[in-house]
Each structure stands twice: as structure tokens, then as C-alpha cells.
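Biologist: Good morning. Could we go through this chain together, starting with a term that will come up again later?

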Amino acid sequence: MKQSAMLAIFPSIKAGLVSLSNNTYLSASTSGRGNAGIININARDSVSFDQKSYAYSLTTTEGVGKSGDVNINARSLSVKNGSQLSASTLGQGDAGNVTINASDTVNFDGTASTAFSIAETGAVGKAGGINITTKSLFITNNARLLASTSGRGDAGNVNINASDIAFFDVGSQAFALVNARGVGKAGTININTRKLSVNNGSQLSASSFGQGDAGNVTINASDTVNFDGANSAAFSISGAGTVGKAGGINITTGLLSVTNGAFLTTSTLGRGDAGNVSIDARDTVVFDGMGSNGLNSAARSSVLAGAVGNGGKILINTGSVVISNGAGLEVSTAGKGNAGNVIINASDTVSVDRSGKISSSVRATGTGNGGDLNITTGSLFLNKGAQLASGTVGRGDAGNVFISASGSVSISGNNTAILSDVNSKNEGNGANINIKAASLSIGDGAQLVTFVENNDDSSVRQPFNQGNAGNVNIDVTGAVAIAGIREGKTTGIISNLGRRTVGKGRDISISSGSLSLMDDARISTSTSGEGNAGNVFIQVKDSVSFSNGFIFSSVEGEGFGKGGNINVTSHSLSLTDGAQFVTTSRGAFANVEITLVGNPSIDFFEFISNSIKAGNIQINATDGVNISGFNPITGNSSGLFTDTQTSGNSGNITVNTDVFRVSDSALLDARTNNFGDGGNITVNARIVEARHGGQLITTTTRGGNAGKIIVNAKDKVIVSDTYINPDKTETQLPKRFPEDDANSGFFVRSSGFGVAGDIEVNSPKVTLDKQGRFIAESASGNGGNIKLVIRDLLLMRRGGQISTNAGTAQAGGDGGSININSTFIIAIPRENSDISANAFQGSGGNVEINSQGIFGIESRTKPTEKSDITASSEQGVSGVININAPDTSSIQNSFTELPPVIDANALIANSCISRGTKRQENSFTITGSGALTTNRPGVLVSNYITGEVRGVETTYRPWKKGDPIIEPQGLYRLNNGQLLLSRECS
């Protein structure tokens, strides 16, 4: 039926087709005392409202009573071009409902085309609901579904049941609101469908801007939910001045996509908590892209400025999550209250890519703690500028980051990071970053960072940033691989306390199966403010391998605090290609000459040394430690380094392992460049080797004292060979490598007026070969001391040196002491291997040697080209050489006077060893080495005497190649006066 005139009261229509157009309206209203009527439209086919046509039931301003419902039952409904369906109240009484049942389609199209139930300003009563049941719903071109209150009473709900599709497009809306003057709760938006699309600025909102709680937006879509385009959104807000909580956004679907600037938001600007964003997607959740307005696609829960209340959670349960192209998940507080948490449970993967971001923050105006970021997944991928960020610039702690992956975590690309940031002039602590996974890869300029930002405002009145950085905790069952540099930005894990800040740097802890750092990657803790740097703890089951990779712990710039320690525990450790572990103090008073005036009440230098101090390095490797080579591009030697450029002390280096090797210009270096003392180097191993320019060094260049070198080797110590450039070019020596000494060795030196350190070596056997050296020298001060405790043998070959010389710059200073306890000391006279405690202007040092036999080296008044023991002085008094050893000249003379051919059988026959009863053939073999020769000029001599052994019965088979050789245990004199090297008879 087509109407073109006003029908004041027409409560019921039943027809095949109903069409109203051109300002036609159906009205069932009350202006008195009593309820308004109900409008019922029943059509077998379709119902159409066009050209500002209406159906409404209204309680007017003067009315006291409920408005009626508007009920439409048809195959399809079309409301367009400003037409409206309304059940509202302006008086005293509840508004009615608008209920639509259409078996096929419902279509609202065009600006002001609306179904609404409103309690208007001044009304006392609840608004009604909008209820739509259909197969397909289309709300397009700024059309609206609205259930709201501006009076005193709750808003109604918007309930949509569309078995196939619910489609909102071009600025269309479904709102359940409490408006600014309203007192009551907002309604709920409930959508049940197979597929929901909200596009091009269309919105779903259950918010409160008055006095009352906002409602929830609840979506159940069996297939997909899609929000697309700038300002396309689902949100629940507690507005400014509102007293009430914001509602939640709840989505259950197969796949959710929020793209091109669309967003899901719960927030509070008033007095009340924000709601949660809860997403349960069977397959995938996608947030992607930016909108035409420059805003990113996102899910947000916020406590905004001026609000009092806590933020809500963002909770996602799905198979996979994809956040890309600037999209994000954000929880924050800028008011008084804590931000909510982000919780992701993705059974398959979480991928954050191309500047995607998951963040938690305390804003500048915020008072409260940031929320945590929790990700549980199979694998996590952060790529191409993606970030997980938790920070505070207000008064409150940043939230923590928790990642748990049953598979791999991969973080790659420039500006890709997991961040914990404190930039607070109030008080706030950084977040902890916690990663638990099967494997972890960080590459291509990506970083894990916890830091308290620099405060670069130097105004006297400007307070310092205050707060502690967060910890980084990594627990990985397999491999951790950190590598690469991108656009000048290095890959790494960093904890930093910035300039003009007060707080503490925090620790970096890694527990894994293996750990590798390559290509300038680094792990770094530092302080440039007032507070200590964090420590680095590494515990690895298998190998730790660094190739041009670094661990730094430092006191920098204006820093006033202690550097952190570096502790590594593993099966093996390898540092190559310029890889370094470094603890350093370059903070306050660095490179400053300090003069104390008057009589201070405290020891200033002791105060500084205890306050500004480099950290220690400790290595525990059950199998071996191998440190070798240098980087030919940067010139960095591989090594372990501690140093101080302040009045604070350098740290100590301690290595505990089975086999320790340092080679090819690699270093262990503990030094002081100011008034603080250098650190000690301690190596405890079974075997210690320094080869091809490998060095252990402690030095002082100014007033501080150099540290000690202590080596305890259960088996042997080998120091051998000079560094040889593998390219055989004229390139300079590596950085920090001593320019005047490229030999392998242990060196404690003073080039200033501080005291050189000491060297202590404890081992059964020590070999100094091919200019291998133990040096404790001073340029102008006293030389250091060297103490060697050697159970069996000290072997010095081809220019090996032990020196505690002083005055190497032709200046004063006494030579240091040398104390050697060794069963045997052997050198070759012509190879110029020396033991010296010499001086230039000062006194020579003291040399004390306790041995059972010294061969090939002897005491002399001054150095010669032979192997010497000296304690001389160029311009001062010579030192004292005290050698406690038996006279071995008879041994040496006996060897030189032996006849050219020895009758070995006769010697053995006359010796007790021929009477041995054990099952071992006794023999004396001439090898032709040493002083025993089988060659005479011009005479052919057999290596063995032929003939019968006198008085000896051959009981067992003769000795054959491969049988054990029993070394002699001593020197024995036969009856005829000849001497024989043999063993005790049993």
C-alpha cells in the first residue's frame, strides 16, 4: 500500500508489499498520560521507506507513559534517503523497541536513514533497543542504527542477527550511547553473522559521555570480520567528565582483519576503567596499514589525560597474528591509573613486520604503571622496523615484555627492536624483557634495548631523569645467534643508563644451548649517569663463539658509578676476528689531573676508586678457551679487556678452563690510564698457551698501579713465537697491541710513575721459546716482580726472556725481584735466553733461583749475547743473584769426556739394572742428540755394539719399536767412575 498523506494513528498494517515515500509517516504517540501505541507492519514480500518517510512511536515532552514498539516482518526491508524508524521518549516513560524480521535482506542507505530508540534530553526512562534478524544486512552511506539516552535512564541495545552477512559502509553507524547529559548505562551492540564488514569510516560504538558505564561491542562471525579504511572502528569509550567504566570489544570469528587505518578501541577520559579488547579468531588476526588520515590500524586500550581509572587488556587467542605496515596493538595510560596488558596466544606464529608495533606506555601526564606485553606462540618474527615497546615518560614503571615461543624467535632489520624506555623526570623503572624459546636469532641491525634516556637539558633547575633500566632475560634451549649491521646500526642487546640520569642499569642474562655473535654484533651494558651499569651473565651448555662480536660493560661520559661484570659459563669459548669482551671506566674525572688542596676529611682517591670502577670479566669453560687473531679492517685484537681512564680501578679478568690458548696478536689486557689501579689477570687451566704474539698484559700509563698476572696450569705453560702478519704486508700492528713488542708473553708494565704489576706462574712445566717472554718492566719506576713455581722443568729456548727490568726509558727505578723454584732449568747457551732484573739509574733487582739442576744458562755481571742471569745497573748498584742448585759442571764435563763409542752392553752388564726382575727388557739407547754423538769425522761407527752381553742371559724378547721407553730418573756412577743416566733398580 502506498501512502502520501499523514496517518496519525495506524498501529497495524498487513499486506503483500508496503511502500512509504515522500514524507509519509506512521505515528503511534502519546502526549498525555498513557502508553503510546505499537506499529506493526507485516508484509509477505517487501517493506520500503523512501524519501524521508517515517514510522515512529513517541512519548512527547508532556507525555507520561511508555512509547510503543515498531515491529516489521517481511521478506525484505529497505529504508533509504533519510527515512526513519523510531521508538523514542521525550517525557516520562521508557522508549519502545524497533524490531525487524526480514527473511532475505535489510537495507538502510543514505544520510539520516535510521532506526533508533532514544530517551531524549529531559526524558525519564530507558531507551529501547534495535533488533534486526535477517539473512543479509546492509547499512550504507551514513545510515545509522541508534539506541541512546540523553535523559535519565539506560540506553538500549543494538542486536543484529544476520545469517549470511552484515555490511557497514561509507560512514554508517551502529551506536548504543549515553550522551553528554544522560544518566544511565549505555547499551550493548551484539552482532551474530557469518561475515561482518565495517568499511570506509563506518563505526560500531557502545560508549558513555554522561553519567554511567559504557556498553560492550560483541561480534560473533563464523567466517570473517573485516574493518577497513580510515576511522572504520569498533569502540567503547568513557568520555571526558563521565563517571563510569568503558565497555569491551569482544570478537569471535575465523579470521579478523583490521586494515588501512581501521581500529578497535576501549578508553576512558573520565572516572572509570577502560574496557578490554578480546579477540578469539580460529585462524588468523591481521592488523595492517595506515589510513588516509595518517593514523594506523590498531587495537587500543587507553587511560587518557585527565582520566582516573585503569586501562583494559588487549587479549588475542588465534592461530596466527600478523601486524604490519605501521599497524599496532597499544595499551597506555596518560591519566591516573595503570595501563592494561597485551596478551597474545597464537598457536602457530606471530609476525610483526614493516614498522608494525605492539606497545605499552606511561605518558608524560600519566601516574601509573604501564601494562605488560605477553606473547605465547609457536614462532615469533619481528622484521623491517617492527617493534615491541614498553616505556614510561610519566610517574610509573613501564610494563614488562614476556615472550614464550615453542619454536623460534627471529628479530631482523634496521630499527627492528624490543624496547624498554624510561624518559621520566619523575620516577619510573624500565621494563624487563623476557624471552623463552627453542632458538633466538637477532640480525641485520635489530636490537633488544632497555635504557633510561639521556636528559640533554642542562638547565640547573631541570631535574634528572630518574629510574632504573630493565633487565633482559633470555632462556633458549637451542642456539642464540646475533649478527649483522644495517645502515650503520649494529645488531645487539643493550642496557644503558643515559646522561644526567639517576638510577641503575640492569642485567643482561642469556641461558642457551649455544651462543654466537658475528659481524660487529654486540651485547652492551653502560652508565653515563649517576648509577651502576648492569651485568652480563651468559650460561651456555655447548659453545660460545664470537667472530668480530663484542660484549661491553662501561662507565661512560659523565657517568658516576660502577661498571657491570661480564660472566660467561660454557663448554667452550672462542673469540676471533677482533671479537672482544670489554669492561671500562671512562666516566667522571676521566683523563683529568686531580690535585687535592688542604686536608680533606676523606681519602678522595679511595672514594673515587670505590665509586667509579670498571667491572670484572670471568670465564668458566669446561673444555677450552681460544682467543685468536684481529680484525684487519678495524684493527681490533681479539681479547678480554678491562681498563680505567678515571681515578677508579680497572676490573679483573679471570679464566677457568681446561685448555687456554691466546694467539695471533690476541690479548688479555687489564690496564689503567689514570690514577686508578689496573686489574689482575688470572688464568686457571690444565694447559696454557700463548703463541704467535698472544699476550697477557697489565699496564699503567700514569699514577695508578698495574695489576698482577697469575697463571696456574696443571700440565704445562707454553709461550712461543712472535706475531707474524699473515698477509706479509707492512700494515700496522692491531690496536692496543704493544708497538714495541710483538712477542708472545705475559707482560706487566709501567710507562708512568705507577708501580708495574707482578707475574706469578705455577705449573709442572714452563716453556719460553722463540722469544716468548715473561716481562715485568717499568719505564721510570720500579720493575715488577716475577715468581715462578715449576715442579719439573723451565725450558728457555731461542731468545726466551724473563725480565723485571726498570728504567727502560733510561730513567730511575729499581729492578724487580725474580723468584724461580724449578726442579730443572734448561737453556742453550748460544740462543741468548735471559733472566734479568736490571736497572738503568736505580739498583738492580734480586734474583733467587732454587733448582736441582741449571743447564745452559749462568749468572753474569752484565748481559751478553749468550744465555744470561743478570741483575745489573747501568748507573746504579747491581742487584743480588742467589742460586741454590747443585754443581752440574761434573755432569757437563762427564758428557763432554765420554769416549766416542760407548759399549752399552758392558755398561748394562755391570749395572744393577741388568738384574731387573720385572717383565721389561732393559736397554740403553744412543739417540745421537745432546752431548752424546755417534759420529766421528772420517770414521764409520755402528749405532750399536755387536757381540754378546757379558754376564747377561736373554730371558725376554728384545725391545722393539713401539714398546715403551722408560725415561731415566737420575745420574749414577759406575765402578769404573763413569756416569750413567738410568733409573732406580727394583
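Modeller: A residue counts as buried under 20% relative accessible area, as exposed over 50%, and as partly exposed in between. R686, for instance, has a relative accessible area of 32%, so R686 is partly exposed. Please keep in mind that this is a predicted model.

Biologist: How confident is the predictor, in terms of mean pLDDT?

Modeller: The chain has a mean pLDDT of 85, and 84% of its residues reach 70 or more.

Biologist: Where does pLDDT stay under 50?

Modeller: One such stretch is residues 1-10, for which the model has 19 contacts beyond four places in sequence. Another is residues 928-933, where the pLDDT is below 50 and the model has four contacts beyond near neighbours in sequence. Where pLDDT is low, the predicted coordinates should not be read in detail.

Biologist: What does the secondary structure of the chain come to?

Modeller: The chain has three helices and 71 strands.

Biologist: Which strands pair with β61?

Modeller: Strand β59, residues 759-769, pairs with strand β61, residues 786-796, in the parallel sense over nine bridges. Strand β63, residues 818-827, also pairs with β61 in the parallel sense, again over nine bridges.

Biologist: Which residue in β61 stands opposite S763?

Modeller: That is I790. Towards β63, L793 has F824 as its bridge partner.

Biologist: Let us change topic. How many salt bridges are there?

Modeller: The count comes to 20. Side chains of opposite charge can pair when their charged atoms come close.

Biologist: You mentioned R686. What is the salt-bridge partner of R686?

Modeller: The partner is D658, and the closest N and O atoms are 2.9 Å apart. This pair links distant parts of the chain, since R686 lies in strand β55 (residues 681-691) and D658 in strand β53 (residues 653-663), 28 residues apart. D658 is partly exposed as well, because its relative accessibility of 24% lies between the limits of 20% and 50%.

Biologist: And R791, is that residue buried or exposed?

Modeller: R791 is exposed, because its relative accessibility of 56% is over 50%. The side chain of R791 meets that of D792 in a salt bridge, at 3.1 Å from N to O. D792 itself counts as partly exposed, at 33%.

Biologist: What about D353, buried or exposed?

Modeller: D353 is buried, because its relative accessible area of 17% is under 20%. D353 forms a salt bridge with R354, with the closest N and O atoms 3.6 Å apart. R354 counts as partly exposed, at 41% relative accessibility.

Biologist: Which residues are linked in a network of salt bridges?

Modeller: D45, R75 and D104 are linked in such a network.

Biologist: What does F746 touch?

Modeller: Not counting residues up to four places away in sequence, F746 touches a list of residues that includes V688, A690, L696, I709, V711, R773 and F774.

Biologist: I would also like to look at S410. Where is S410 found?

Modeller: S410 is found in strand β31, which covers residues 408-412. S410 is buried, because its relative accessible area of 18% is under 20%. Beyond four places in sequence, S410 touches L380, F381, L382 and S441.

Biologist: And T99, what does that residue touch?

Modeller: T99 touches V70, N71, I72 and N131, leaving aside residues up to four places away in sequence. T99 lies in strand β10, residues 98-109. The C-alpha atoms of T99 and N131 are separated by 4.6 Å, and these two residues are 32 residues apart along the chain.

Biologist: Lastly, the chain as a whole. What percentage of its residues count as buried?

Modeller: Of the 986 residues of the chain, 56% count as buried. The accessible surface comes to about 39400 Å², and 47% of that belongs to carbon and sulfur atoms. Among contacts with a separation of 6 or more, residues 24 or more positions apart account for 81%.

How values were computed:
Residues numbered from 1 in each chain as written. Predicted model: local features only at pLDDT ≥ 70, side-chain atom pairs only at ≥ 80, totals over all residues. Heavy atoms only, no water. Pairing = 2+ DSSP bridges. Helix = DSSP H or I, 4+ residues; strand = E, 2+ residues; numbered from the N terminus. pLDDT = per-residue confidence, 0-100. Contact = heavy atoms within 4.5 Å. Buried < 20%, exposed > 50% of the residue type's maximum accessible area, 1.4 Å probe, protein only. Salt bridge = Lys/Arg side-chain N within 4 Å of Asp/Glu carboxyl O. Areas by Shrake-Rupley, 256 points an atom, 1.4 Å probe, with all protein chains shown as cover.
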